[in-house]
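Please keep the sequence and the model in view while working through them.

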Amino acid sequence: MKYIGALDQGTTSTRFILFDRAGEIVASVQKEHEQIFPRAGWVEHDPNEIRLRVDEVIAEAMAKAAARPADVAGVGITNQRETTMLWDRATGRPIGNAVVWQDVRTADLCGRLGTEFGQDRFRAKTGLPLATYFAGPKIAWLLDNTPGLRARAEAGEIAFGTMDSWVVWNLTGGPGGGLHITDVTNASRTLLMDLATLDWDPELLAAVGVPEAVLPQIRSSVEVYGEARGTLAGVPIAGILGDQQAALFGQTCFAPGEAKNTYGTGCFMLMNTGLEAVPSKAGLLTTVAYQVDDQPPIYALEGSIAMGGALVQWLRDNLGIIDTAEEIEALAATVADNGGVFIVPAFNGLFAPYWRDDARGVIVGLTRYANKGHIARATLEAVAFQTKEVLDAMYIDSGVALAALKVDGGMVANQLLMQFQADLLEVPVVRPAVAETTALGAAYAAGLAVGFWPSFEALRDNWSISQRWEPNMDAARRRSEYAKWKKAVTRSFDWV
C-alpha cells in the first residue's frame, strides 16, 4: 500500500490529504464551509454541509492521486475540538446546527455551575476551568433549549458528537451501523471525562446535566476502529486526534518538555508533559495529548487563544481593510512599528491565561497618526503577544524553559509575524518542511496503528526544518511593548 489518508475537519474548512511513506503530500483537496452567526456571540456550522464537504474532498483527492481504496493503508481523523452537535440515531439527521467552540451562549449556564465552587469546580478531575469553550455545557444547553429533546436523549434516541464522532459515524455507515466513538483527546475537552480514568464521570454528567445515553464510546487515539464505506470502502479508520493534539503529534513532540504552537483560526500551544497530568496554576488547560492502544496516556499543558487567523479574517470580511488574508503582511510592512496601536481581540471573551467571558475586543492607543498599516501590524502583533502570555504561563506551571518553539498552521507563512514572535519570546521559532502538521499528525496516528510506519523513531526521521527565525530585538523595547500589551488587555475586562 502506497498511502495514508488524513481527514482534517477544521473550523473553516475540511481537507483530505494523502501522504506517502516519507510524510510528503501526494494529493490534497480543501473546501470551506459557511460560518453562521445567528446573533452576537453565537457561532454555528451546518453539519450536513460538513458531511457533504467530507465526501467531496475524499473523492477529489483520491481522483487527483489516481488512487484506489486498496492503495490506502489507513485513514486518520482530526477535527475542530469542542464544536458540539446532536443527531437522530435512527435517521442520521442533525438536530439543528452544530454549536462551534467559539460560541458563548452557555455563559449563564457556566456561571450558574460555578456559583458555589467557582470557575475551578471541575478542574481537579478534568484539568479544565468552567468556560463556554467546552462541549459539555453546550450539550446541556441544546437539550434544554430544544423542546422535547432532553426526554428523547434520555431514551437513547439522540447521539452527541464532536466533529470526529460525526465524521466517523458517517464514514462507517451512519444509521446503517456507523460507529459512535470518540478518542481520549476529544473527550478530554468536554468537562465530562475524568483525566485519570479516561472515562465519562457520573458526577460530572449529573452536575452539568448530560445524560450518559447520548455519549460516544471513548477509544484511544491510535488503534483500528473499523472500516470505511463509500469512496474509501474497506480502508481502516485507524486514528483520531483533536486538531491541536494532532499538530503536536505531527510535530513529533513525543518527549516531555517539547512544545508547538499552531496559528490557525485560533492559536493553540501544547507542551508534552509525559505520563504526568500537570495541574495548572497559571490559567492553562491540562489535557490528554494522545494514547496509543491500551498504553498509558500521554498528557499535555495547553494554552488556548480564541482569535488568531480569525482576527485577520475580521479585518478582511468585516472592515474591508484587506481583500485577501495574504495581503496583511505587505500592508503591515508599510509601517516601521505599530504606531502605539494595540488590538486585544476578545470578541467572544478571552481564553488562556485569563478565562474572562466578560471581556470584549478593544483597539487602544489610537491617534490621528494611526493608519491602516498600523492596524494591520497591531493585528499580527496581537497574535504574538497572546502566544507570549501562554508561554509565560507554561514556564510557571512546568518550570521548563523552551529551547525553541515549533510552529505550524496557515499564519506561519507570514515572515513578519514569525520574526516578531521570535523577538518577543527570545527563543528561535522553527517551521517544519511539512506545514500541514495537523493532518500529518492524524496520518501518523493511523500509520502507526496499521504498521505503515513502524515506530515513533521512524516518524521523527521524517521531520525536518523548513525555516528558522532567530530573536533580534532590543531587550528594552521588548519589555516596553509587552508592558503596553498587558495594559491594553486590562481595558477589555468587565465589558459585559
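How many nonpolar, polar and charged residues does the lining of the largest cavity have, by class?

1. The model is a predicted one. In answer to the question above, the lining of the largest cavity has 12 nonpolar, 3 polar and 1 charged residues.

2. The residues that line the largest cavity number 16. Nearest the centre of this cavity lie Ile305, Leu350, Phe351, Ala352 and Gln386. Two or more lining residues come from each of strand 18 (298-305), helix 12 (372-398) and helix 16 (475-490).

3. As to volume, the largest cavity holds about 100 Å³ of space. The count of cavities of 30 Å³ or more comes to 3. Rolling a probe the size of a water molecule over the atoms shows where empty space is left.

4. A further point concerns helix packing. Two packed helices are described by the angle between their axes and the distance between the axes. Helix 1 (residues 47-64) packs with helix 6 (residues 163-171) at an angle of about 60°, and their axes are 11 Å apart. Helix 1 is therefore oblique to helix 6. The two helices, helix 1 and helix 6, form a right-handed crossing.

5. On the side of helix 1, the contact involves Pro47, Asn48, Ile50, Arg51, Val54 and Ile58. These meet Met163, Trp166, Val167, Asn170 and Leu171 of helix 6. By class, the residues of this contact comprise 8 nonpolar, 2 polar and 1 charged.

Key. Residues are numbered from 1 along each chain as its sequence is written. This is a predicted model: local features need pLDDT of at least 70, side-chain atom pairs count only at pLDDT 80 or more; totals for chains, interfaces and linings use all residues. Side-chain values use heavy atoms; hydrogens and water are left out. Axes are lines fitted to C-alpha atoms, for helices over the stretch in contact, and angles run from 0 to 180 degrees between N-to-C directions. Helices (H or I, at least four residues) and strands (E, at least two) are DSSP runs, numbered from the N terminus. Angles under 35 degrees count as roughly parallel, over 145 as roughly antiparallel, 65 to 115 as roughly perpendicular and the rest as oblique. A crossing is left-handed if the near helix is turned anticlockwise from the far one by less than a right angle, and right-handed if clockwise. Contact means heavy atoms within 4.5 Å. Ala, Val, Leu, Ile, Met, Phe, Trp, Tyr, Cys and Pro count as nonpolar, Asp, Glu, Lys and Arg as charged, and the others, Gly among them, as polar. On a 1 Å grid over the protein atoms alone, a cavity is a set of points where a 1.4 Å probe fits but cannot get out, and a pocket is an open set with protein on both sides within 12 Å along at least five of seven lines; lining residues have an atom within 4 Å of a point. Grid points are joined across faces, edges and corners, and a volume is the space filled by probe spheres set on the points.
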